[in-house]
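Let's take a friendly walk through this structure, from its annotated sites to its core and a pair of packed helices. Have the sequence and the model open as you read.

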Amino acid sequence: HVRQLYALVSETLRYASVLEKLLDGAALLQAEKKLPPQLAKVLVYDLLFGKGLKCGGRWKALARRHRARLEAELARMKVRQKVSRNEDLLAPEQAIGPAASQVPRYVRVNTLKTCVDDVIDFFKRQGYTYLGKAASVEELKALSGKKFLLDLHLPELLVFPSQTDLHDSLLYTSGHVILQDKASCLPAFLLGPVAGSHVIDACAAPGNKTSHLAAILKNKGQIFAFDVDPKRVAAMNTLLTRAGVTGCQLAQQDFLTVDPRDPKYSRVTHILLDPSCSGSGMVTRGPGQEVAPSAERLQALAGFQRRVLNHALSFPALRRLVYSTCSLHQEENEDVVQAVLQEWGSAFRLVTAFPSWPCRGLAAFPGAESCLRASPAETLTHGFFVAVLERCREGAAAPSSLPAAAKENPQPGEGMEPKAAPRKKKKKKQRVK
């Protein structure tokens, strides 16, 4: 319901100028003086452009009472502008921008409840055409109609055209699939804890990454998930329950107040840290919502991010950590990683995340290319940043550039070393398939 409401508000904002003209032409606000203008826009959008009115009571009755005059005004607007589609009423800057329009709909198969083959068969029975595994980003970009592909990088990610709406699909409502952007799937995939591991998801809500961690762990092990907002924690609990996640302790707590020396966390070897950020990489916001953060805001965010990353690295048994943001700003990404690595000296080091990933970290410091970035133009995803840190151990071999999840799922042509896939783990993956 929250997703549906967000989508409704976003689309209402996109059509704002059209809706204002409709309200003026139909004189709706003059006829209904007690109707708030913003509510009027939402009602008219849902009535004429959306999936029909979902509300009840007097607002629904009011909108229906004026439906004929609103439809007549809409028809006149189309005639005046010489267009036939509602979308054509939008000014070029109001239409879906190139960034948002080219990002496909990504669908992560929840392997706690099903498998990729069964989900593919389900969609084929729903009239979709499966085109196999993608060989390039260009193939993802060319998707249209009711066609879908298996992603070229992530083994349990299906890719549909950008306008595909699956919020009402039985697979989504039952938790068999998770609607999650590809870039958002990278942190858990690159952390790659083996089954039985103890893992912390430090800033966990809304829970998609947590459910992904549980799937990688096969519900074997322990996840400690933290978020400070009670409403977000409640929503996350619902999501995790629907996804079939077990072995997860969800706590309404600021991660910075968690004691790393608590015996409860003595076996935590992996931490996923996706802290609050500017969100500048998100591409699906409504027009006019994107406001560049001030320098002061960026510095405040970066200060918080450095503190929480330092705190995460202080857990004594930690071996591997993934730091990620949905930000495009160097201040929140490379600069944070560089500052914290300098504080820890030789205790931790960056490892090369996904060597064949095309979009690397900015050259802010030596080794920053080990980080990866994602963007609508280069990777057909939201804007994202990921850094993988591992603890250095005296005399230890150089750390692998790939997580356990990637080792179990080597991708042909992805630059992965053959030795990165132990035979017994291949057998396990075959059994899951």
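UniProt positions are given here in the numbering used for this chain, with feature names shortened, and such annotations may be inferred rather than shown by experiment. Keep in mind, too, that this is a predicted model.

With that said, where does UniProt place the feature "active site"? The record, an unreviewed entry, puts it at C326. To find C326, follow strand 10 (320-325) and look in the loop between that strand and helix 15 (334-344). Is C326 buried or exposed? Its relative accessibility is 16%, and buried means under 20%, so C326 counts as buried. Setting aside neighbours within four places in sequence, C326 is in contact with C277, G279, S280, G281, M282, G383 and F384.

Next comes the annotation "binding site", again from the unreviewed UniProt entry, which covers C203, A204, A205, P206, G207, N208, K209, D227, D254 and D274. A204 sits in the loop between strand 6 (198-201) and helix 12. With a relative accessibility of 4%, A204 counts as buried. Beyond four places in sequence, the contacts of A204 are T210, A225, F226, D227 and M236; D227 is itself among the positions in the "binding site" annotation.

The other stop is D274, in the loop between strand 9 (268-273) and helix 14 (295-313). D274 counts as buried as well, at 15% relative accessibility. Leaving out residues up to four places away in sequence, D274 touches C203, K209, S324, T325 and F384.

Now turn to the interior. In soluble globular proteins, nonpolar side chains tend to be buried together. Here the largest nonpolar core has 49 residues, and L140, L186, L190, F354 and L372 touch the most other members. Helix 11 (182-191) is one of the elements that supply at least two residues each, as are helix 9 (137-141), strand 4 (157-160) and strand 13 (384-391). The largest share, 7 residues, comes from helix 11.

Finally, look at helix 2 (residues 16-26) and helix 4 (residues 37-48), whose axes are 10 Å apart and pack at an angle of about 95°. Angles of 65 to 115 degrees count as roughly perpendicular, and helix 2 and helix 4 are therefore roughly perpendicular to each other. Where they meet, L19, E20, L22 and L23 of helix 2 face P37, A40, K41, V44, Y45 and L48 of helix 4. The residues of this contact divide into 8 nonpolar, no polar and 2 charged.

Note on methods:
Residues numbered from 1 in each chain as written. Predicted model: local features only at pLDDT ≥ 70, side-chain atom pairs only at ≥ 80, totals over all residues. Heavy atoms only, no water. Axes fitted to C-alpha atoms, helices over the stretch in contact; angles between N-to-C directions. Helix = DSSP H or I, 4+ residues; strand = E, 2+ residues; numbered from the N terminus. Parallel < 35°, antiparallel > 145°, perpendicular 65-115°, else oblique. Contact = heavy atoms within 4.5 Å. Nonpolar A, V, L, I, M, F, W, Y, C, P; charged D, E, K, R; others polar. Buried < 20%, exposed > 50% of the residue type's maximum accessible area, 1.4 Å probe, protein only. Core = buried A, V, L, I, M, F, W, Y, C linked by side-chain atoms within 4.5 Å.
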